[in-house]
Amino acid sequence: MSWFSFSDMRLRRKIMVITVISTLVALVMVCLTFFLYEMMTYPEIRLKSLATWAQIMGDNSTAALTFNDHKTAQEMLATLKANPSILSACLYDNKGQQFASYQRDRAARRRYPAVAEQAGAESSGGSLKIFQDIFSGGERVGYLFLETDTEEMRTRLTHYALITVLIGLISFFISLFVASRLQRYVTEPLHRVVDRMWDIARGEWDITKRLEVSGRDEIGDVAEAFNAFMGKLQTVKDMKSDLISVVSHQLKTPVAEINGFIENMLDGITGEVNSRQRGYLDQMLVIGRGNYKLISDLLSISKIDRGVVSADIHPVSAKEVVALTIRDYEQIMKEKSLILRLEGTEEGIMLYADRDKVVEALRNLLNNAIKCTDSGSVTIRVGSEGDQGVIEVLDTGIGMDEETLGSLFTRNRVLGQEAHRSGAGLGLYISKYFMNIQKGDLTVTSEVGKGSCFKLVVPKYMKQAGTAA
Ligand SMILES: Nc1ncnc2c1ncn2[C@@H]1O[C@H](COP(=O)(O)OP(=O)(O)O)[C@@H](O)[C@H]1O
Ligand SMILES: [Mg+2]
């Protein structure tokens, strides 16, 4: 990108450049017009003025010429010094002989033209000359020659040029100032539109909200089109949610039933199972449970999207919540040789929360901890901080780096390129959402190679008050 590339310039600069250039072009055109007009008309004006002088001089010198009075003629010509631009003058008698003369600059030895050489007016060699017959009573009594310099005209044109440059400079700064003030009216609404687009791209903006831009100009049109586009996007999003909701709802029960049948077969209800069959059934159960978890997560997500998730809040003991959480995981922990530690469950802490949602969140935390821990232990620690009940899930597993932690509770990487140990990467997003809708929260601290600690917080139940803390 070269620094002078107009197309690469920010709009703010473009507007300023366009404004300043058009102001200057208009100004130059106006000045140039005056300049040319002056150049064309000034000689004519000068000539007229010179002709008037010649007329007056001629009229005044008839008596001197008639009476052959050189002295009076000389004195009369000397009055020309009242007009400093007249360079020289010469009076001739009717035979063309020089009668009297005048020159502004006494030192200059001017040659006065012979009568025969001259006719009318002419402009040459930087001076303007006029030659005129003098009549008295219908009879020619002599001739008059007048010469004036064009110095004055040059001075005037120089002044014009200076004034043009000066006004140009002043206009440049004024238009720059005005443009820098006015450009905001164009760029600011545009910035608002662009910022909103980026917010949406980053998933930070609710697409049901309208983009408000005042004004009915092109930027207003962009905002309007953008809102229409977002409306369509919302429709597509709704359709997607509906589809996921219907499909996952329809799939959830059959998958749960299949899992139940597999469990029954493994329990020997359908007869003796040989070791080969048991191996297959075990694998089928793992896959079936994974599918069930995925379907449940998708159903939760579609409910969150449609805004139909609500919390059913009652007093519930932390101990019960933990018991429900670990129920299905003791076996798999035994298989992985992981130690399960429970701390603080006997303290009788009561939570004021949606039991099923807390259990679902905790099950996800425990499931993740088991998944990501190859040896060592997983601890569930119950406690309280002020009026909040706290349940922590700590593991001695692989831990997470900063990048993973940064996007852990978002759904941006849902079904993304990242190869998870299992699952669709929706669990923590859902868990945090479930906590947030009941005035709780879910946070994490972790260190790569050492393990993680997920901290779930919900309001405590205060027996005296009968409500949340
Ligand atoms: N205790 C943990 N230790 C290490 N990594 C974890 C832990 N909990 C979660 N993670 C990481 O976060 C990801 C997202 O977890 P989650 O949202 O529950 O989705 P899922 O379990 O479906 O993959 C996991 O796949 C894993 O990479
Ligand atoms: Mg999970």
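Q: Against which elements do the buried residues of α10 pack?
A: In this predicted model, local features need pLDDT of at least 70, side-chain atom pairs count only at pLDDT 80 or more, and totals for chains, interfaces and linings use all residues. Residues are numbered from 1 along each chain as its sequence is written, and chains are lettered from A and ligands numbered from 1 in the order in which they are written. Two residues are in contact if their C-beta atoms, placed from the backbone, lie within 7 Å. By contacts of this kind, the buried residues of α10 pack against α5, α8 (355-371), β11 and β12 (451-459).

Q: How many of the 10 residues of α10 are buried?
A: A residue is buried if 20 or more other C-beta atoms lie within 10 Å of its own, exposed if 12 or fewer, and partly exposed in between, with C-beta atoms placed from the backbone. The buried residues of α10 are Gly 427, Leu 428, Tyr 429, Ile 430, Ser 431, Lys 432, Phe 434 and Met 435. Helix α10 is largely enclosed by the rest of the structure, because the number of its residues that are buried is eight.

Q: Is Lys 439 buried, partly exposed or exposed?
A: Lys 439 is placed in the loop between α10 (427-436) and β11 (441-447). Its phi is near 55°, a positive value in a residue other than glycine. Most residues other than glycine have a negative phi. Because Lys 439 has 16 C-beta neighbours inside 10 Å, it counts as partly exposed.

Q: Which residues does Asp 441 touch, not counting residues up to four places away in sequence?
A: Asp 441 lies in strand β11, where helices (H or I, at least four residues) and strands (E, at least two) are DSSP runs numbered from the N terminus. With 13 C-beta neighbours inside 10 Å, Asp 441 is partly exposed. Its C-alpha atom is 23 Å from that of Lys 371, at a separation of 70 residues in sequence. Beyond four places in sequence, Asp 441 touches Met 435, Asn 436 and Val 457.

Q: Is Ser 337 buried or exposed?
A: Ser 337 lies in the loop between α7 (330-335) and β7 (339-343). Although Ser 337 is not a glycine, it has a positive phi of about 55°. Since 9 other C-beta atoms lie within 10 Å, Ser 337 is exposed.

Q: What is the handedness of the crossing in which α1 passes α2?
A: Helix α1 (residues 11-66) and helix α2 (residues 70-78) pack at an angle of about 160° with their axes 8 Å apart; axes are lines fitted to C-alpha atoms, for helices over the stretch in contact, and angles run from 0 to 180 degrees between N-to-C directions. That angle makes α1 roughly antiparallel to α2, the term for angles over 145 degrees. In the contact, Asn 60, Ser 61, Ala 64 and Leu 65 of α1 meet Thr 72, Ala 73 and Met 76 of α2. A crossing is left-handed if the near helix is turned anticlockwise from the far one by less than a right angle, and right-handed if clockwise; the crossing of α1 past α2 is left-handed.

Q: What is the handedness of the crossing of α1 and α3?
A: Helix α1 and helix α3 (residues 151-201) pack at an angle of about 160°, and their axes are 7 Å apart. The two helices are therefore roughly antiparallel to each other. The crossing of α1 and α3 is right-handed.

Q: How do the residues of the contact of α4 with α5 divide by class?
A: Helix α4 and helix α5 (residues 275-306) pack at an angle of about 155°, with their axes 8 Å apart. Accordingly, α4 is roughly antiparallel to α5. Ala, Val, Leu, Ile, Met, Phe, Trp, Tyr, Cys and Pro count as nonpolar, Asp, Glu, Lys and Arg as charged, and the others, Gly among them, as polar. On this scheme the contact of α4 with α5 has 15 nonpolar, nine polar and six charged residues.

Q: What distance separates the C-alpha atoms of Asn 264 and Val 141?
A: Asn 264 is found in helix α4 (residues 218-266), and it is exposed, with 11 C-beta neighbours inside 10 Å. Leaving aside neighbours within four places in sequence, it is in contact with Ile 269 and Thr 270. Val 141 is 123 residues from Asn 264 along the chain, and their C-alpha atoms are separated by 147 Å.

Q: What are the rough dimensions of the box that the C-alpha atoms of the chain fill?
A: The chain has 10 helices and 14 strands. Its radius of gyration is 51 Å, well over the 23 Å that the globule rule gives for 469 residues, so the chain is more spread out than a compact globule. The radius is taken over C-alpha atoms, and the rule is 2.2 Å times the number of residues to the power 0.38. Taken along the principal axes, the box is roughly 160 × 45 × 40 Å.

Notes:
Angles under 35 degrees count as roughly parallel, over 145 as roughly antiparallel, 65 to 115 as roughly perpendicular and the rest as oblique.
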